[in-house]
Every structure is written in structure tokens, then in C-alpha cells.
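Please look over the sequence and the structure shown here before reading on. The paragraphs that follow lead through a few of its parts, one after another.

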Amino acid sequence: MNIDRNKILKAVAILALLCVAVFGLTSLFKKNSITLQEYAESNPEIAYQKSTTDASFDKNETDSADAAETNSTENLQNEDTISTIPTLVGASLNGEAMIEQRITYEDAFYYEPLSDNLRRYITGVSFPDADDLRISYDDLRYVHILHYDFDGNPAEGELICNATIAQDLVEIFYELYLNEYHLEKVRLIDEYDGDDTASMEDNNTSCFNYRVVEGTTSLSKHALGLALDINPLYNPYITYEEDGSEKVSPVAALTYADRDTSFPYKIDENDLCYKLFTERGFIWGGNWNSCKDYQHFQKSIQE
């Protein structure tokens, strides 16, 4: 085969030129190119903005997630706390309506007049819907206190009493609270439909209830808001029948009628509750002769 020497040389020359051209272009592009790191180093202000924006976004995302988790935990804790606090009917009904007339002895220990809502609530229950009563709404005060329950936990309590003993009550219950004296519950008698027996059986400490003395036609001091029953299940009301037998009220308190035995929550003359009430001029039903009302403290006023 004959090969044209001139054609070969020409082809080699053209190939050499192409190689030189390609190398030159490659060098040119490489010379003008830059890496991301080189770009960042030559433009620090732009790179800083980028990095802080990204970091801020990540931080906000993290903070938002943390905040959501924290808020969720706090809400759960608040719900748990609220759910353990009993709802007081009187406090809810009075609300802030009488706050300008409120007398505060210590935090959470205060008394005030009855709001219209609270008056409506007790009407026909502890306060009869009648015109010939020996007391009026204006004679009464709503009392809010704190006390320790039988589990040893602080709890809210409320009573309605005569205005003349309201200051006595906040002072007495405050002292009881400071000494962690246990009262199982302190609720309005209206929560028991005005039923004194039901309230006693539930060991509820109460005050105002327009009613007569059990077994008589005489108006009780409770009807004037001047008497209190303290832990009544453990401190029963005892009357004596003509045949010499005893009648214990409530019946469920029969176990606690024997005052010579020792048991918790018993009121006697060594008890703090007895001392605080009698120091302020209250009479204790446990000292009566015709009957024994160990739960009962009352104060007389000039009418």
C-alpha cells in the first residue's frame, strides 16, 4: 500500500495544533475558576450572612421545638395542679364582685359581703325564701380560708357567717393553718342541700344554716351565722333520752361518742381549736350539761 508522506505530515501538524489549542483553553478556564472555599474567603461578609442566616434558622427551629415542649410540659403541670384544687362554689359565685368591700387578714384569708349570685345560690336552701327571718343577707359575710386536709395537704375552704364574727374566724382559721391543724373539708352547707346530717356525716366543717336545733323548735345559733361545727363526724352531738340512753348524731359518729378514748381529730379542752375559739369568747358545746355538742362553737351578740 502506498502512503502519501505529505498527507501524513499534514495530519500530524493539524493534530499538534489542536492539542495546543485545547491545552490553552483548559488553562484559561482553570485560571478563571474558583472553589466555594476560595469564594467564601474572598467575600467574608456574604459568607457570614449566609452562615448566620442558616444558624439562625436552625436555632429558631430548635428553640421553637424546645419552647413547644416546655409549654406542653408547663400546661400539663398546670392542668394537674388545677385538677387537684377543689372548685369552691362560693368563691366562684362571688368572684371579684365584692372585692372593693373585701377585708383581707392574710393572703387567702378574707371576708366580704355576699354577691347577688351567691345570695341566689343559698336562697331556698340555707337561707329560706321567707319574709319573717331573724337575719338578712346584709348580716352575713362570705369567708375564704386555707386549711390542711386529712392527707396533710393545703386546701381551700369557705363558710358563710354573721358579720360580727367574720374577723374572729379569719384569725382563728389562720392560726389553725399555721399550726397545720387538720380539717377534712370546709364547704358551704348548701352543697349538701342544707342537710345538716349529710354535712356531718361527710365530716364537713360549716357555719351558717337557717335551721332549728335538732329535735326542738328553737332556732339554732347556726341560723344567725354565729355557730360553727368543726370536724363533726369525730365530734358528735349527743343528747340524753328520758330512759338514760344516748342519741348520737350523726349515727355514723357512734364510735367517737366515748370521749375517754383516744383518737385523731378529737376536740377537748387541750385541743388548739378549743383554745382559739374560747379565747375569743366562743362557747364550746362540749361543756354543756343537758347535752354534749363536741363539734360546736358559738358566740352570743347583743341583738
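## Sheets and a helix

Within strand 3, Tyr142 is the bridge partner of Glu112. Strands such as this one (E, at least two residues) and helices (H or I, at least four residues) are DSSP runs, numbered from the N terminus. This is a predicted model, in which local features need pLDDT of at least 70 and side-chain atom pairs count only at pLDDT 80 or more, while totals for chains, interfaces and linings use all residues. Residues are numbered from 1 along each chain as its sequence is written, and side-chain values use heavy atoms, with hydrogens and water left out.

Strand 1 and strand 2 form a hairpin with two residues between them, and in the turn Ala108 has a positive phi of about 75°.

These strands are part of an open sheet of four strands, with the order 1-2-3-4 and antiparallel pairing. Strand 1 (103–106) and strand 4 (154–162) each have a single partner strand and stand at the edges, so one side of each is left without a neighbour in the sheet. On average, and with direction ignored, neighbouring strands of this sheet are turned by 20° against each other, where the axes are lines fitted to C-alpha atoms, for helices over the stretch in contact, and angles run from 0 to 180 degrees between N-to-C directions.

Another open sheet has three strands in the order 7-12-10, also with antiparallel pairing. Its edges are strand 7 and strand 10, each with a single partner strand, so one side of each is left without a neighbour in the sheet. Strand 7 is joined to strand 12 by three bridges, and the bridge partner of Ala227 in strand 12 is Gln298.

Which residues of helix 8 are buried? In helix 8 (residues 272–279) they are Cys273, Tyr274, Leu276 and Phe277, where buried means under 20% relative accessible area, exposed over 50% and partly exposed in between (1.4 Å probe, protein chains only). These buried residues pack against helix 6 (166–178), strand 7 (227–229), strand 10 (283–284) and strand 12 (296–298), with contact meaning heavy atoms within 4.5 Å. After helix 8 comes Gly281, whose phi is positive, near 90°.

Key: Two strands pair if DSSP finds at least two bridges between them.
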